[in-house]
Amino acid sequence: RYRGVRWLVFVRELLLWPITLLYIRKISHKLDKPDLIHVNEITGIFVGISFKRRLKVPLVVHVRAHMGSRHTGWRSKVLWSLCRKHVDRLVCIDENVRATLGPGVDATVLHNALVLDTNGAAGGGPFGVRYAEILKNSAVTVGIVGSLLRVKGIYEFLDAAIQICRKREKVVFFIVGRGLRSLT
């Protein structure tokens, strides 16, 4: 939440917004039309909405952080209004986060862990996707945008990319972000 000096984060985001819009425009021209846009945290909703409007594809927003117990402030009202209008699916990392979204907010709980059984079926969750079927279908583009840090999952992304490349040929991976330094 923005309190005290944390409002400087909001000011920083406002100052970076024009360059963000330029990059969205630039990246959008280079991409084949994706199937959807996934925003990995609800704080990135403005960027997600901008991509959605430009590319005209569904928007999935991952809610990873506890949203607090207040649902009546103006920020919450604006956030949930944007979600109702622009977000096609909200996904929470667990039931505790889901409980903080407030009344009337439709969200799916999908735990971060993906457990594959011996047949390649993804266990749990509402999607019931078979991993092996995903791997043999049409070409796929997968990207990660953000800080290239261990805590942000860059190693897991690279490991997943290696595993997928061993099983299929028609896949493209891209990495966009800062923070590249010795990760050992």
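Modeller: From β2, L59, V61 and V63 point one way while V60 and H62 point the other way, and all of them are buried, where buried means under 20% relative accessible area, exposed over 50% and partly exposed in between, with a 1.4 Å probe and protein chains only. In a regular strand the side chains alternate between the two faces of the sheet. Because five of the five residues of β2 are buried, the strand is largely enclosed by the rest of the structure. Strands (E, at least two residues) and helices (H or I, at least four) are DSSP runs, numbered from the N terminus.

This is a predicted model, in which local features need pLDDT of at least 70 and side-chain atom pairs count only at pLDDT 80 or more, whereas totals for chains, interfaces and linings use all residues. Residues are numbered from 1 along each chain as its sequence is written, and side-chain values use heavy atoms, with hydrogens and water left out.

Strand β1 (residues 37-39) pairs with β2 in the parallel sense over three bridges, pairing being called if DSSP finds at least two bridges between two strands, and V39 stands opposite V61 of β2. β2 also runs parallel to β3, joined to it by four bridges, and the bridge partner of V60 in β3 is R89.

Helix α3 (residues 74-86) has the buried residues S76, L79, W80, L82, C83 and H86. The buried residues of α3 pack against β2 (59-63), as well as against α2 (45-55) and β3 (89-92), with contact meaning heavy atoms within 4.5 Å. On the other side of α3, W74, K77, R84 and K85 are exposed.

Technical notes: The expected span of a helix is 1.5 Å times one less than its number of residues.
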